[in-house]
Each structure stands twice: as C-alpha cells, then as structure tokens.
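Please keep the sequence and the coordinates at hand.

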Amino acid sequence: MKHEQAKKYGMVIDLDKCTGCGACMVACMAENNVPFKEDETNKLDSITWMRVYQLTNGKPFPDTDICYLPRPCMHCEGDHGHSPCVSVCPATATDYSMDTGIVSQIYTRCFGCRYCMAACPYHARYFNWWDPVWPNGMEKYLNPNVSPRMRGVVEKCSFCYHRYQLAKDRAFMEGRRELEEEEYQTACTQACPAGAIVFGDLNNKTHRVHQIVQPDPAHAGRPKNPKAFRLLERLGTNPKVYYLSSREWVRRSGDHYLPHEGPGGGH
Amino acid sequence: MFPFNFEWIWDMSHLVFMGGLWFALTILGLGMAYCIIKAVIDTAQGKGGGHH
Amino acid sequence: MDDALFPKGVKRCPLPEFLMKLGPVVALLIWGVVAMLMCWIKGLNQTNMNDAYGFAAWIWADLTVIALGGGAFFTGFLRYLIGKEKLKNIINFAVLIGFICYSSALLILAIDIGQPLRGWFIFWHANVHSMLTEVAFCLTCYFGVLTIEYLPLVLENRQIDRVPFFHNLTHHMHEVMPLFAATGAFLSFFHQGSLGGVAGVLFGRPFAFREGLFIWPWTFFLFTWSAAAYGPCFTIMLAKITEKVTGKRLIKDDVYDLLAKIAGWMMATYIVAKIIDTWYWATVTAPARGMTFMQFYSNNPLYGIWILILEIVIGGVIPAAILLTRKGRNTPFALMTAVVLGVIGVCVNRWVMVLQTLAVPVLPFEGWPMYYPSWQEVATTLLPVAYGIILVAFSYRYLPVFPQEAELNPIVSEPAAPPAPAPDTDAEPADAELSPAQA
C-alpha cells in the first residue's frame with residue numbers, strides 16, 4: 001500500500017443539470033443510516049448530510065431564476081490538511097486523510113463539544129440532539145456497513161467511506177492495489193437521476209472529475225474550468241466539492257464579493 | 001496525553017504543549033508535597049496548635 | 001449558635017437568619033440542579049441550541065465567568081510577582097471569586113458536552129493543535145491552583161486552625177504561595193488567550209477570524225488582556241456588593257483605589273488595542289473575504305451596530321476613563337458605575353465572539369439564524385450564580401476572607417476591644433496584627 005499515489009477524492013456537481021429532486025438526500029440518508037425525527041419541519045436540528053438548497057437570483061418575474069444546490073461535506077483540505085473542523089477538534093475525533101483526502105468522523109471518540117460545527121462555514125456538520133429512533137422493523141433495513149450514531153455526537157457526510165473500504169477489500173482479494181473509477185462511487189452520485197454529480201479522484205487525470213474541474217495544484221486546487229467554482233473559495237477552506245454552472249449569478253452566489261468587485265455588484 | 005496514546009507523535013507541538021502541562025503539574029505536585037511533608041515534620045516536632 | 005466558627009473579632013448574624021436569607025438562593029440552586037439533571041438524562045435536546053448554534057448561552061457563560069474570574073490570577077500576579085503588598089487585603093476575595101468562576105465553568109462545560117461521560121477524551125486523546133484542548137488543560141490545572149490558593153483560607157477557620165497539622169500546613173502553603181501564584185499566572189495567560197483563540201482561529205467564520213502572531217490570533221492576546229482588565233473590576237464589584245449586603249466596610253478604600261487604577265490602565269490599553277483590532281478587521285481582514293463591515297451588523301433583528309458601541313464605548317472607553325481619574329476611583333458611585341459598565345463590556349465581548357460569530361451567515365444564500373435560550377439553559381446558567389452566592393456567604397461567615405474587616409468594624413460592646421479603629425485612613429501599619437494568617 002505504501003507505493004500507492006495519494007488520492008484526493010472529490011466531487012463536481014453540475015447545477016445546470018440538478019433539478020432539485022432530492023434523490024441524493026434520500027439515497028444518502030438510506031445509505032448512511034441517518035436518523036430522522038417524527039417531525040422534520042425544523043431544519044435547524046434535523047440531520048441531512050446532503051442538503052439541497054434553493055438559490056434565487058432575487059429578480060422579479062419574468063427575470064426570476066432559481067437554482068438547486070446540493071451541499072455535502074466539502075472535505076476541505078485547507079492548507080495542507082488544516083481544514084477548518086479538523087484543526088479545532090480537541091479530541092482528534094475528526095481527521096483529514098492525506099491518503100484519500102477524506103475528512104473522517106470518529107463517532108465513538110467525539111464527545112460532542114460541537115467546536116467543529118462552529119468552525120464549519122458550510123453547516124455540513126450535524127449534532128445528534130436525540131438518540132436515533134427507527135420505526136418498528138426498520139432496524140432490519142439499516143445498512144450493516146455503517147454504524148448508527150448515538151445521542152450527543154457530531155456526524156457528517158463521509159463520502160460513503162465504507163464503500164471505499166469495501167472496494168479496497170475487493171480489489172485486495174483480486175490482487176489489485178488501485179481502484180477503478182466506477183468501483184468507488186458515493187450513494188448520492190449513483191442516485192442522481194440527472195447525472196449531475198460526478199465523483200472521483202481529483203489527482204487522477206483519467207477520472208472525469210479531474211477532467212471536468214481541472215484543479216490547479218499551484219493555486220490550492222482552484223478550478224481552471226471557467227464554469228466551475230467552489231463555495232466560499234475566498235475563505236481558504238480549499239474544499240474538494242466543486243460546482244458547475246453556465247450562469248454567472250449562480251457562480252457568484254457561491255461566495256461574497258465587495259460592491260466594486262466584478263460585474264453586477266455585491267450581494 | 002501520554003506517549004503511549006496511539007495518536008501521540010514525537011513532534012515539536014507535542015513536546016512544547018505537553019512539556020508545559022507536565023511542568024506545571026510537577027510544580028504544583030512538588031509544591032504541595034513540600035507543604036505537606038514540612039507540615040507533618042513540624043507537627044511531629046510539636047509546633048503549631050492554633051495559638052498564634 | 002455557631003459563634004465558635006466565626007473569624008476572630010468580627011460579628012455575624014444569627015444562624016437562623018443567615019439560613020433564612022439564603023433560602024431563595026437555595027431555591028434557585030435547586031431549579032438549576034433540576035435543569036442540569038434533565039440535560040444529563042434527556043440530552044441536549046432540552047436546550048434551544050441547534051445545528052446553527054452549536055455554541056450558545058453556556059459557552060458564552062463559560063467564556064464570561066473565566067474572564068470575570070481573571071481577577072484571581074491578575075490580583076495574584078500583582079500581589080505575589082509584582083509585589084503590590086496592599087492587595088493582600090483583597091486577594092482572598094479575588095481567589096474565592098476565581099474559585100467560584102472556574103468551578104462554574106467546569107460544571108457548565110460538563111453539562112454542555114453531548115457525551116459527558118467521554119469528557120476525559122479531551123485529555124486522553126488531546127489534539128495539541130486545538131485551542132479548546134489548551135483551554136481544557138490550563139483551565140483544569142488552574143482550577144487546581146485556585147483550590148490550592150483557597151485551601152489555606154478554609155484551613156484558617158478558627159476551629160480548623162486549632163489542629164496543629166492544619167495550622168502548619170497553612171503556614172507552609174503561604175510560604176510557597178508565590179510559586180503557586182506564578183504557576184497560576186502562567187496557566188492563566190495561556191488559557192485566557194486560548195479562549196480568545198477558540199474564536200480567532202475559525203477561518204471559516206469571517207466575523208471571528210483574526211490574523212495573528214505565529215499560531216496565536218490577535219484575539220488570543222486580547223482575551224488575556226481583557227481578563228486582566230475586567231476581572232479585577234468584577235472582583236471590586238462583588239466586594240462592593242458584599243459590603244452592601246453585609247452593611248459593613250470590608251476593604252479599605254486605598255486597596256480598591258490601587259486595584260481600580262491598575263484595572264483602569266489595563267482597560268484603557270486593552271480598549272485601544274481592541275479598537276485597532278476592530279479597525280483592521282473591518283478594513284482589511286473581512287474585505288479580503290469579500291465581506292463588508294456592515295454585513296455583520298445589518299439585516300437581522302438583533303445584531304446592530306449598537307452592540308459594538310455598547311461593547312467598546314460604553315463597556316470600555318467610558319469605564320476606562322472613569323478608572324483612570326483619581327476622582328472617578330474615589331467617588332463610590334462613579335467607581336461602581338465604571339466596574340459595572342466594565343463587566344457589561346466584557347460580557348458583551350464574549351457574547352459577540354460566541355453568538356454573533358455563529359449568527360452571521362457565511363454561505364451567501366443563508367440568512368441569520370436567531371437563538372434564545374431554553375429555560376433549562378437559563379436555569380443551568382444561573383446555577384453557578386446561586387452556588388457562588390452560597391459559597392461567598394459561607395466563606396464570609398466562617399473564614400477570614402477580609403483581613404481588614406475587624407479593624408474597619410470594631411465590636412464596641414466587648415470589654416477588651418481591639419485598638420482604636422481607623423476606618424477611613426489609608427494607613428498600612430495596622431495590617432500585620434489584623435491578619436495573622438496573611439502575614
């Protein structure tokens with residue numbers, strides 16, 4: 001394993017294709033045993049590893065335009081693994097893997113201080129305010145590869161890391177070291193009916209995600225594709241989730257701009 | 001916290017941080033030990049008695 | 001009834017009256033304990049915190065009580081390391097307040113974490129790069145220091161002091177106290193700073209993020225500085241309140257004057273630094289992230305520019321100006337106004353660094369989430385207040401907290417009264433005989 005080239009798994013989401021159907025959210029919840037409440041109206045304390053936002057250009061009819069933006073964990077690399085949440089966790093319960101670029105969460109070590117949630121500007125981290133309660137019989141349908149979380153700990157999107165582990169195990173049994181692109185895909189990627197989500201290794205030039213985004217290693221992975229952008233690029237979080245849009249207002253919705261910066265003024 | 005914890009790394013951060021911590025704890029521990037031992041000796045010698 | 005336990009040469013109210021007066025406080029304490037147990041048993045769903053407000057009233061209370069408890073380390077630093085001897089007349093009280101503040105902070109943290117039984121992970125699996133780890137280590141160690149500093153006072157109770165071992169132990173602990181105080185100051189400089197670092201390192205939160213020196217953001221230094229400035233204000237405020245409640249003068253004016261003067265200078269220099277920091281943040285740090293200053297103070301129902309004025313001008317510039325003038329320090333009303341405003345100022349500072357930091361929308365398509373605490377949060381936050389009042393009351397009743405009390409309040413009816421009182425003088429010489437344990 002030592003001779004493997006480091007991976008940097010990432011995602012690109014084409015917002016022109018996303019219809020906001022929410023299939024990615026459902027797939028994510030089912031795949032990762034995400035608990036839910038009887039009443040999910042209060043979104044501020046319900047858990048959605050993948051959350052679809054609705055953006056609007058704020059213009060009146062007939063110029064109104066909307067866009068749906070799915071938001072998983074960004075798996076920020078920050079500056080050499082110094083992602084916002086990993087650097088602050090006091091108990092080393094979350095870690096940035098230099099081998100995969102995935103930000104992990106160790107549920108059994110998290111003691112629920114929620115500092116990582118305060119650190120994450122994307123609201124990608126969720127706290128278990130309650131113990132999970134599954135409707136009768138549903139326990140049988142939980143994913144056996146993902147441990148359910150207990151009350152009082154933080155959880156978040158793992159890029160379906162268990163799928164990576166399974167794929168690695170399978171490859172190992174077949175005497176291979178490297179995974180094919182399609183061998184490791186997240187649940188949301190596979191569930192998206194519009195094919196808006198592309199997932200793969202940003203370091204691997206043969207992977208579609210690399211080809212679409214064209215990350216610039218000289219500029220902390222900033223996309224060379226003019227249609228691509230990252231959320232809150234200016235904060236220096238260096239996320240590994242990219243978005244694509246042909247619409248200028250959508251791309252500008254991903255970050256803050258001062259009034260004199262760029263066309264159309266600030267937000 | 002201890003070198004035998006698996007996440008321990010022998011790097012500057014750990015040495016400075018944990019060094020500071022153990023240094024402070026040592027001072028407090030030795031300081032209190034000194035006070036208690038001296039008090040035991042004094043008491044054995046019949047000093048004190050609450051009338052000062 | 002319990003006269004034999006009182007410190008020498010002082011008068012206390014009868015025990016039933018004392019206990020009766022504490023009744024409402026005990027009720028408050030019980031309310032807090034009930035809420036605390038609910039949080040532990042039922043979990044943090046008992047609070048109004050949510051995924052936008054992972055930190056809320058409790059963390060604010062934590063940061064605030066630690067800042068206010070800063071009076072202990074700074075007074076200790078001045079007394080034992082700088083050699084301001086006069087402060088020995090207020091150091092006991094400062095230590096007591098510090099002890100209450102820090103034990104409260106630890107208790108609140110124990111309620112605040114989602115898995116309290118795993119609290120020890122912060123030590124065992126310590127991430128040395130996290131500011132919170134540093135806070136936890138130093139806070140716990142410094143609480144140990146405060147316990148060591150408070151212990152001799154407990155042992156100086158008239159009856160306990162009769163036991164030769166305890167008498168000797170107290171004597172030797174006073175001997176070593178400068179060493180403990182130095183360790184306490186060392187720990188305090190770091191954990192007070194780290195609490196500032198907790199917010200300052202959040203580079204994903206443009207409201208809180210600050211550049212800095214090496215690994216320390218500017219907030220690191222500002223928090224230590226402000227704790228040293230405002231902590232003594234809180235000590236003075238509570239000492240004055242204790243005087244009001246007991247109807248006695250307990251500390252001479254020159255002691256207040258000295259501490260207030262030092263606090264005034266610390267506050268004045270701090271507030272200048274804070275203004276520079278705010279200016280730099282508003283004109284350089286935040287704009288570099290595409291955000292304008294007014295973005296942090298508009299489009300929401302609570303956080304207007306008023307909060308910045310309240311913190312910096314009303315809670316900083318004004319009290320500093322009062323404390324820097326002799327007239328201000330020596331006029332009881334002005335002094336009280338200054339210390340109260342100072343306490344408000346530091347409370348507001350800690351509030352914005354925790355709550356406003358989280359309220360400001362960072363994703364451009366999100367709005368301001370608002371928060372108000374649940375009754376369980378309020379009750380558990382008031383719990384330390386009740387506990388503090390009770391501990392102060394018992395300490396005052398049975399321990400020689402105020403070395404100057406007997407001199408300032410001579411018991412006239414006793415035939416063998418102490419030497420002639422000198423209530424309003426600034427004279428020092430009488431101190432030695434008044435406070436044997438402090439000598």
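The model is a predicted one, in which local features need pLDDT of at least 70 and side-chain atom pairs count only at pLDDT 80 or more, while totals for chains, interfaces and linings use all residues. Residues are numbered from 1 along each chain as its sequence is written, and chains are lettered from A and ligands numbered from 1 in the order in which they are written.

The buried residues of helix 10 of chain C are L310(C), E311(C), G315(C), G316(C), P319(C), A320(C), I322(C) and L323(C). A residue counts as buried if 20 or more other C-beta atoms, placed from the backbone, lie within 10 Å of its own. Helix 10 of chain C comprises 19 residues, 306–324, and spans 25 Å from its first C-alpha to its last, close to the 27 Å expected at 1.5 Å a residue; the expected span is 1.5 Å times one less than the number of residues.

Chain C contains 15 helices and two strands. Its radius of gyration is 22 Å, close to the 22 Å that the globule rule gives for 439 residues, so chain C is as compact as a globular protein of that length. The radius is taken over C-alpha atoms, and the rule is 2.2 Å times the number of residues to the power 0.38. Of the 439 residues of chain C, 54% are buried.

Chain A meets chain C through a contact that takes 44 residues from chain A and 40 residues from chain C. Two residues are in contact if their C-beta atoms, placed from the backbone, lie within 7 Å. On the side of chain A that touches chain C, strand 2 (51–56), helix 2 (84–88), helix 3 (115–119) and strand 6 (126–127) of chain A each supply at least two residues. Helix 3 of chain A gives the most, with four residues.

Chain A also holds an open sheet of four strands in the order 8-1-12-11, with mixed pairing; two strands pair if DSSP finds at least two bridges between them. Strand 8 (197–201) and strand 11 (228–229) of chain A stand at the edges with a single partner strand each, so one side of each is left without a neighbour in the sheet. Strand 1 (residues 9–14) and strand 12 (residues 241–244) of chain A run parallel and are joined by four bridges. M11(A) lies opposite V241(A) of strand 12 of chain A.

Conventions: Buried ≥ 20, exposed ≤ 12 C-beta atoms within 10 Å, placed from the backbone.
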